[in-house]
Amino acid sequence: MSTSTAAAADTSCRDLGLWFLHQSRLGSLRGPAEMDEDEDEDSPTELNTNNSSGGFLVVSPDKLSAKYTNVNLHGHDVGVVQANKPAPVKRLVYYFEIYVKDAGAKGQISIGFTTENFKMRRQPGWEVNSCGYHGDDGLLYRGPGKGEAFGPTYTSDDRVGGGINYATQEFFFTKNGTVVGTVPKDMKGPVYPTIAVHSQNEEVQVNFGQQPFAFDLKEYEAQERMKQQMMIEKISVPTNVSHGIVRSYLLHYGYEDTLNSFDMASKSTVPPVYIAQENGFDEQDIVYALNQRNTLRQLVRNGEIDSALVKLREWYPQIVQDDISATCFLLHCQKFIELVRVGSLEEAVKYGRIELAKFFGLPVFEEIVQDCVALLAYERPQESSIGYLLEESQREVVADTVNAMILSTNPNLKDSNGFLHSYLERLLRQLTACSLERRSLSGDQGEAFHLHRVLNSCKKPKLGAS
């Protein structure tokens, strides 16, 4: 190997180690908020008294109910009010409800959605860029012209809801917990939940989620996700392709024992599953050092870091020859973590002074060093903000680092990035990219794609399980 090639390989290994170091740091940032970005998006909480036809209605002090107090003399004497914020868009469904406390003289109540510049003297649906379900005739209005047949009328004591299904790009409306119907969402830009009253003594209360809905929103969302899953399951994938993807994953990460069991099971199927080379799977890169990678993975996953270091120095000294590399750093950190895990705090302090001290002052390692050392300060570190270090996932990060570093030493490596991600993970990355692109084409409306949420939604209860 030439000097320039060796230098390039050394740089690649350093970058690889630092990439896994970054993955380790991400462990401290993971949490429920990762899959709940919609919680950070502003949602309507009350009626907007600064933008309403205030001369025809009175909004309660809590801004959650409105009453028509005048006598309706003209068609434009409408008491209409929007929510204080537009409907949030970074979710699967948005929904709100009204309770008709009093249908008043004529029951000309409506619920719907309007844009920011909607004329506040008109019923939702009477103008362009608005949509409304009206109580006196059960019609749906969505622009100038006559209403269209839609659902039943509603009156006093009814609970009526309006929602947006961002997956199907539809408005939907409910009455007393049951979906009445849907209509295409053809309005662009932010839309505001809107209510209107139009005859004397009409009064409605608005529920933006501060109280339980009459409509089972969680069940509706579950059904929508199930529809999406059923569409996916209709896609046919040849058995040998799916088996090839799984097999390549096991090979890539060195799960030798599981791989052997998988191969045995594949041969026992009728007919047997054969993996054809033309399907794009080249095993040469990931078969490399399978037995050794499997041994080292098991050692790291069992917390036997000293033994893992001994094996690495014996089999792949080039990986650990730089004692302040990211790979060595992660291994030494894991050794420190394992000592804390079993309560050997004095030994952990001694080990830290010898092995972790050399990384003090190096910016790239500083945050994780501080987190590791901070474990000593907690009586129950698992419950602390740095408890991620004691999770099994942290061992997996270290094991993945060692695995990738070994794959990178393959002199016959064809794919320069093949040691970083398995074929399965590349497919999932492509799936994520496609899902985000699809969402961007809808104006970034709908929930963000989260692989963990998709996988969890695929879990089905076992037959016969209680």
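The model is predicted, and local features are reported at a pLDDT of at least 70, side-chain atom pairs at pLDDT 80 or more, while totals for chains, interfaces and linings use all residues. Residues are numbered from 1 along each chain as its sequence is written, and side-chain values use heavy atoms, with hydrogens and water left out.

The pLDDT (the predictor's confidence in each residue, from 0 to 100) averages 86 over the protein chain, and 85% of the residues score at least 70. Residues 1-12 have a pLDDT under 50, and the model gives them 2 contacts beyond four places in sequence, a contact being heavy atoms within 4.5 Å. The pLDDT is also below 50 over residues 29-39, a stretch with 12 contacts beyond near neighbours in sequence.

Helices (H or I, at least four residues) and strands (E, at least two) are DSSP runs, numbered from the N terminus. Two strands are taken as paired if DSSP finds at least two bridges between them. An open sheet is formed by 7 strands in the order 2-3-14-5-10-11-12, with antiparallel pairing. Its edges are strand 2 (57-59) and strand 12 (178-184), each of which pairs on one side only. On average, neighbouring strands of this sheet are turned by 20 degrees against each other, direction ignored. Within the sheet, strand 5 (residues 93-102) runs antiparallel to strand 14 (residues 203-207), and 5 bridges join the two; I98 stands opposite V206 of strand 14. Helix 2 (residues 217-233) lies across strand 5, strand 10 (159-165), strand 11 (170-175) and strand 12, at about 145 degrees to strand 5. For such values, axes are lines fitted to C-alpha atoms, for helices over the stretch in contact, and angles run from 0 to 180 degrees between N-to-C directions.

Strand 13 (residues 192-197) is largely enclosed by the rest of the structure, because 6 of its 6 residues are buried (buried means under 20% relative accessible area, exposed over 50%, partly exposed in between; 1.4 Å probe, protein chains only). In a regular strand, side chains alternate between the two faces of the sheet. Here Y192, T194 and A196 point one way, and P193, I195 and V197 the other. Strand 13 is joined to strand 4 (residues 79-83) by 4 antiparallel bridges, with Q82 as the bridge partner of T194. Strand 6 also pairs with strand 13 in the antiparallel sense, over 5 bridges, and T114 stands opposite Y192.

Helix 3 (residues 239-252) packs against helix 13 (residues 423-441) at an angle of about 115 degrees, with the axes 7 Å apart. I245, S248 and Y249 of helix 3 meet Y423, L424, E425 and L427 of helix 13. These residues divide into 5 nonpolar, 1 polar and 1 charged (Ala, Val, Leu, Ile, Met, Phe, Trp, Tyr, Cys and Pro count as nonpolar, Asp, Glu, Lys and Arg as charged, and the others, Gly among them, as polar).

E127, in the loop between strand 6 (110-114) and strand 7 (130-134), counts as buried at 17% relative accessibility. Not counting residues up to four places away in sequence, E127 touches F118, K119, R122, G143 and P144. D157, in the loop between strand 9 (148-149) and strand 10, has a positive phi of about 75 degrees although it is not a glycine; D157 is exposed, with a relative accessible area of 53%. D444, also not a glycine, has a positive phi of about 60 degrees. D444 is found between helix 13 and helix 14 (451-457) and is partly exposed at 39%.
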